[in-house]
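Open the model in your viewer and keep the selection tool at hand. Each stop says what to pick and what is there.

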Amino acid sequence: MPALTAILIAFNEEWDLPRTLASLEGVADETILVDSGSTDRTCEIARTWGARVYTRPLDSLAEQKNYAASFSSNDWLLAIDCDEELSPELRASILAWKQKTPDHPGYEISLLTNYLGGWIRHSGWHPDYKVKLYRRDHGRFANVLHEAVQLDGPAGRLDGHLLHYTIRSYAEHKAKLDFLTTMAAQDMFSRGRKRWRAAMIFAPPWTFFQRLVFQLGVLDGWRGWLIAWLSGIYIYLKYRKLGRLLAGETLTRRSWPNPGEA
């Protein structure tokens, strides 16, 4: 029976963290949380649920998660975000997996996202399979932004959904766009990206159309239209900020917004 360590990274997650930790009860044999400077009760809540808590300034989401993984006492890791929750079906699937000898170095899990109070089943957000369960000596997180586990072999899949409670308000979405587009622009700049004007002009409308039509965002109703619109805004902003960096400006990266931030 493989022992399992849940790894989390956090910043001011007191709203969502109790639900996440409750869903891990009886599934994770150990829980590790790396905090990047929370000013709320995040660390206190994590310790109350028995998690080991470490602190580290946030430089990239990938390295923050790799840092959390480095403290694991077990070979198998379950990477879960503080705004995610194991569905009952996924809990059962993981518990069944623990009774067997694993036949893959990692496993993909389907995310189902709750956006502004509704579940999104299209818009390029579903189905959304990500490697969340993996063996630490066969995978690690890579990429500064949109971090993902890179495995050295093929991934299996587990039944059930990882329920993702992502955005509660339009203001919170805009605040996260500001944070993420700054990180994206700084990453492109550090990798020597020079061209930005054409992408800033042509990519946003294409992204809007792709989300709404090809990825069937229209079937998600008004939320699908909003996701498509803000996806285009994300593309515009990251290239506009890259242009500002190339012009010699300095971008200020604000803290990751609190859930429900207005």
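**Stop 1**

Select Phe 209, which lies in helix α6, residues 197-214. The model is a predicted one. Phe 209 is partly exposed, at a relative accessible area of 40%.

**Stop 2: aromatic pairs**

How many aromatic pairs does the structure hold? It holds 12. Begin with Trp 119 and Tyr 165. Their ring centres are 5.4 Å apart and their planes stand at 65°, so the pair is edge-to-face; the cut-off for that class is over 60 degrees. Trp 119 belongs to strand β7 (residues 118-120) and Tyr 165 to strand β11 (residues 156-167), so the pair ties together parts 46 residues apart in sequence. Trp 119 is partly exposed, with a relative accessible area of 33%. Tyr 165 is partly exposed too, at 21%.

Next, pick Phe 208 and Trp 225. Here the ring centres are 6.2 Å apart and the planes are at 55°, so this pair counts as tilted. Phe 208 lies in helix α6 and Trp 225 in helix α7 (residues 221-246), so the pair ties together parts 17 residues apart in sequence. Phe 208 is partly exposed, with 25% relative accessible area. Trp 225 is partly exposed at 46% relative accessibility.

**Stop 3: a ring cluster and two charges**

Select Tyr 54, Tyr 67 and Phe 71. Ring pairs link these three into a cluster. The charged end of Arg 56 sits over the Tyr 67 ring, 5.3 Å from its centre. Then move to Tyr 129. Which residue lies over the face of Tyr 129? Arg 157 does, at 3.6 Å from the ring centre.

**Stop 4: the cysteines**

A disulfide is a covalent bond between the sulfur atoms of two cysteines. The structure holds zero disulfides. Cys 82 counts as buried at 2%.

Key
Residues are numbered from 1 along each chain as its sequence is written. This is a predicted model: local features need pLDDT of at least 70, side-chain atom pairs count only at pLDDT 80 or more; totals for chains, interfaces and linings use all residues. Side-chain values use heavy atoms; hydrogens and water are left out. Helices (H or I, at least four residues) and strands (E, at least two) are DSSP runs, numbered from the N terminus. Buried means under 20% relative accessible area, exposed over 50%, partly exposed in between (1.4 Å probe, protein chains only). Rings of Phe, Tyr and Trp (its six-membered ring) pair if their centres lie within 6.5 Å; planes under 30 degrees apart count as stacked, over 60 as edge-to-face and the rest as tilted. A charge sits over a ring if NZ of Lys or CZ of Arg is within 6 Å of the ring centre and within 35 degrees of the ring normal. A disulfide is a pair of cysteine sulfur atoms within 2.5 Å.
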